[in-house]
Amino acid sequence: MKKNISKLFSNLCCSECGADFTEESINVLREEDEFSVLQIVCSKCAKSFGIAFLGESGLAVKGARDSDLAFELQDGPGPVSVDDVIDAHKFIKKLGADWKKHLPKEYRDK
């Protein structure tokens, strides 16, 4: 599975040092039936790119070329701002003991 995941990152490189992502860049922290939790770390300069939740339903595509599986850079939202972090902190702080109600039903009791 790790080899399939590394194909997804084959078109991307570290924004710090420019090194390509390799299998060693991907740390699988947890595997479930339908998703994996990954940590992406540059194998050259050790910059962490955070944690990703990856649904695996499309990883085993028979007959697909590696280039068909690779992520491509797209324009997206700007970087996370200080205000974004403060807003997220306030939201999480207000969740209280019943925070699991915000999860999809199938993950609440795991």
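These points cover the sheet and the cysteines of a predicted model.

1. Basis. The model is predicted, local features need pLDDT of at least 70, side-chain atom pairs count only at pLDDT 80 or more, and totals for chains, interfaces and linings use all residues. Residues are numbered from 1 along each chain as its sequence is written, and side-chain values use heavy atoms, with hydrogens and water left out.

2. Three strands form an open sheet in the order 1-2-3, with antiparallel pairing. Strand 1 (26-31) and strand 3 (48-55) are at the edges, each with a single partner strand, so one side of each has no neighbour in the sheet. Neighbouring strands are turned by 20° against each other on average, direction ignored. Strands are DSSP runs (E, at least two residues), numbered from the N terminus; two of them pair if DSSP finds at least two bridges between them. The angle is taken between axes, which are lines fitted to C-alpha atoms; angles run from 0 to 180 degrees between N-to-C directions.

3. Strands 1 and 2. Strand 1 and strand 2 (residues 35-41) pair in the antiparallel sense over five bridges. Glutamate 31 has serine 36, in strand 2, as its bridge partner.

4. Cysteines. The structure holds zero disulfides (pairs of cysteine sulfur atoms within 2.5 Å). For cysteine 13, the closest cysteine sulfur is in cysteine 14, at 7.2 Å, too far for a bond. For cysteine 45, the closest cysteine sulfur is also in cysteine 14, at 3.7 Å, again too far for a bond.

5. Cysteine 13 is partly exposed, at 40% relative accessible area, and cysteine 45 is partly exposed at 34%. Partly exposed lies between buried (under 20%) and exposed (over 50%), with a 1.4 Å probe and protein chains only.

Notes: Helices (H or I, at least four residues) and strands (E, at least two) are DSSP runs, numbered from the N terminus.
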